[in-house]
Amino acid sequence: MDMIANWLGNTPDFAVPFALAALGLILTERAGVLALGAEGLMLVGALAGIGAQLAYGTPGVSLLLAMAAASVVSLLFALMVIVLRINQVIAGLALVFFCQGLTGLLGTLLEWTNKPVRGLGAIELWPLSELPLIGKVFVQNPLVFLTPLIFLAVVWLLTRTTTGLRLRAVGENPQAADAAGISVLGYRLVAILAGSALIGLAGGYISVLSTKLWIADMTGGRGWIAVALVIFARWSPWKALAGALLFGCIEALIPQLAAAGIRLPQYFVLMTPYAVTLAVMIWVASGKQVSGSQPGALGVPFIREERR
Amino acid sequence: MLNTFMKRTLCAAVAFGLGTLAVAEEGKAGLTLDKPAKIAMLYISPRNDGGWTQAFDEARQKLEAELDTKIQYVESVPENASSIRPAVDRLVQRGANVIIGTAFGYSDTFKELADKYPDVAFLNGSGTTNSHNLESFYGRTYESQYLCGMAAGAASKTGKLGFVAANPFGQVNWTINAFALGAQQINPDATVTVVYTGAWNDPVKERAAAMALIDSGVDVLGQHVDSPTPQIVAQERGVHGTGHHRDMSEFAPDATVCSSVWVWDRFLAPELKKISAGNWVPPEHGALLSMAEGGTDAACCGPAVSEADKAKIMAAREELLKGEKKIYAGPLLDRDGTERIAAGEVMADAELWQMDWFVKGVTTQQ
């Protein structure tokens with residue numbers, strides 16, 4: 001019973017970075033920009049967050065700076081895909097390698113590696129935190145409780161506002177959007193910056209609130225998992241949140257099983273999150289495709305007046 | 001980093017297991033440098049990575065003082081030939097005639113470069129290849145981890161110990177078994193529950209593993225992963241821990257009671273002097289260094305270990321240093337009761353690298 005309570009209590013810590021990164025990706029990709037750089041931008045957010053935390057020690061400020069840093073670095077990606085119209089797959093991959101090198105170098109030069117920081121204390125959502133079994137789910141750091149609100153805000157923006165409608169139009173059919181007088185490149189730039197800020201927040205969450213220290217390449221492929229989550233959620237924020245929770249559940253379960261001494265083949269257990277992702281993707285792909293599918297112009301650079 | 005250690009270990013196991021990669025050429029004279037030694041080091045990671053490479057960099061500084069020389073170094077050289085070759089070529093062009101590598105993944109390229117530059121002495125930490133001018137070396141980490149196990153057993157109130165490990169390889173499993181055997185010297189009923197993270201340097205997984213172990217009632221955490229995360233978690237949760245690579249009391253002054261630390265300078269200083277003296281013949285299968293030979297040592301003990309227990313640990317350390325005590329000596333049974341080492345025998349190095357069994361009291365998922 002204790003094991004289940006601890007397992008559920010640890011799940012949000014794993015799920016939140018996936019969820020925020022996936023949300024950032026959805027925001028960018030709904031505007032028609034294929035963003036594969038999440039892994040790199042998470043590293044930028046993680047490093048900036050730790051740097052700010054070491055300097056000022058205020059988690060709120062550190063997380064905001066993590067978001068800002070990721071946005072600033074994403075300007076480079078925006079330059080490549082919006083202005084220079086470089087292939088978005090290649091630009092995204094290049095961004096990841098660039099960020100890995102940059103953060104590794106800065107972390108070493110500034111001596112931020114392996115320096116523990118104080119994170120944020122947990123707050124309790126009373127009386128939910130008194131519930132049996134699931135009580136620990138409601139004893140988390142404040143950003144965990146903010147995450148659903150961030151999701152609500154982004155979904156509201158995308159589906160209930162003119163701005164969101166225009167952003168999606170740019171992603172579905174940029175020629176039509178352009179004819180309607182919407183600035184395609186402007187919307188794409190804003191989508192990249194805003195999405196990257198959320199991805200940076202995911203990175204900052206990992207370093208400032210979760211591990212409370214920086215190590216080169218510490219995101220360990222979590223950005224790639226977020227990319228997969230977006231595909232499996234068919235660019236729907238709520239499905240991405242559900243996917244992140246599923247993934248977080250499995251990741252949190254692995255050490256609990258081991259600590260309980262339950263004998264299972266090691267490599268099978270470590271493989272399960274990825275196997276489940278694959279299985280769900282296959283299941284989703286084989287079903288009937290409903291609304292909220294892949295944006296029509298995803299990955300296609302916009303050139304005005306170009307014939308297709 | 002992850003791949004580095006994984007590959008390093010796998011191949012080390014293969015090389016030491018087969019032991020046929022390098023055969024010393026009989027009758028051939030050893031290597032004599034034609035100029036005074038000019039030493040250069042190649043690091044796999046940044047020099048201040050907090051663990052493996054930082055231990056080498058600390059050794060470099062001690063060597064510079066002891067040998068009264070400058071030692072050049074190149075940081076973050078990845079484990080592929082196209083990165084290693086130009087770095088070494090450049091160093092040799094600048095006159096370096098002793099090259100020290102720090103990664104398993106350098107093994108093959110170092111072998112090739114050792115053939116290309118027969119007048120240059122090559123050394124490689126955690127490498128697997130050897131030749132007439134190339135020596136690979138690694139430490140018998142189970143000796144220092146045994147002492148950390150004793151400290152853990154002494155610091156534990158419940159006798160329930162945990163261990164955060166990277167991957168179930170021989171070189172990791174030997175530290176787990178030694179940790180358990182050491183703990184049982186102090187508390188015969190001590191148990192060790194192991195969580196493998198499947199990664200060498202993933203603080204997210206290490207934190208989850210440490211939390212899960214503490215939640216399950218463990219009050220001392222051993223570790224064989226690269227980051228200090230398990231120690232930091234132990235400090236946060238008010239329990240104790242033992243570190244690996246370097247003295248981790250730096251990160252968790254209240255929690256860390258002992259650390260298995262690399263002391264490469266104790267091996268490299270005499271070895272470099274031997275190379276300078278001339279007629280250097282590297283050992284056929286490389287060097288697997290005991291504590292006495294300068295591989296690892298234990299930084300001990302934190303305040304949670306009583307003076308009486310500390311005396312026991314220091315006595316055991318002395319015995320290890322004198323070679324009177326062998327950790328993997330028979331009779332030794334595994335947890336299922338199968339005899340793994342017969343009475344009066346000491347486990348061979350090849351078998352050590354392949355260790356896939358656990359002693360009594362160890363719980364793993366395998």
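Start by selecting strand β6 and strand β8 (residues 220-224) of chain B: these two pair in the parallel sense over five bridges. Keep in mind as you click around that this is a predicted model. To see how the two strands line up, pick V164(B) and look across to Q223(B) in β8(B), which stands opposite.

**Stop 1: the other side of β6(B)**

How many bridges join β6(B) and β7(B)? There are six, and the pairing is again in the parallel sense. Zoom in on L161(B), and you'll find V192(B) of β7(B) opposite it. If you're wondering what holds such neighbours together, strands of a sheet pair through backbone hydrogen bonds, either parallel or antiparallel.

Next, colour β6(B), residues 160-165, by burial. Is this strand mostly covered or mostly open? Mostly covered: five of its six residues are buried.

Then show helix α6 (residues 170-186) of chain B as well. Together with β6(B) and β7(B), helix α6 makes a right-handed β-α-β unit.

**Stop 2: the whole sheet**

Click T193(B) and you'll see T363(B) of β15(B) opposite.

**Stop 3: where the chains meet**

Bring chain A into view. In this contact, 30 residues of chain B meet 29 residues of chain A. On the chain B side, β7 (191-196), α7 (203-215) and α8 (229-237) each supply at least two residues. Which of the elements gives the most? That's α7(B), with nine residues. Colour this side of chain B by class and you get 15 nonpolar, 11 polar and four charged residues.

**Stop 4: a helix in chain A**

Finish with helix α3 (residues 59-83) of chain A. Its 25 residues reach 35 Å from the first C-alpha to the last, close to the 36 Å expected at 1.5 Å a residue. Now look along α3(A) for a kink of about 30 degrees, centred on F77(A). Past the helix, select R85(A), which follows α3(A) and has a positive phi, near 55 degrees.

Terms used:
Residues numbered from 1 in each chain as written. Chains lettered and ligands numbered in written order. Predicted model: local features only at pLDDT ≥ 70, side-chain atom pairs only at ≥ 80, totals over all residues. Contact = placed C-beta atoms within 7 Å. Helix = DSSP H or I, 4+ residues; strand = E, 2+ residues; numbered from the N terminus. Nonpolar A, V, L, I, M, F, W, Y, C, P; charged D, E, K, R; others polar. Buried ≥ 20, exposed ≤ 12 C-beta atoms within 10 Å, placed from the backbone. Pairing = 2+ DSSP bridges. Right-handed = clockwise from strand over helix to strand, strands pointing away. Expected span 1.5 Å × (residues − 1). Bend = angle between axes of the 7 residues up to and from the residue.
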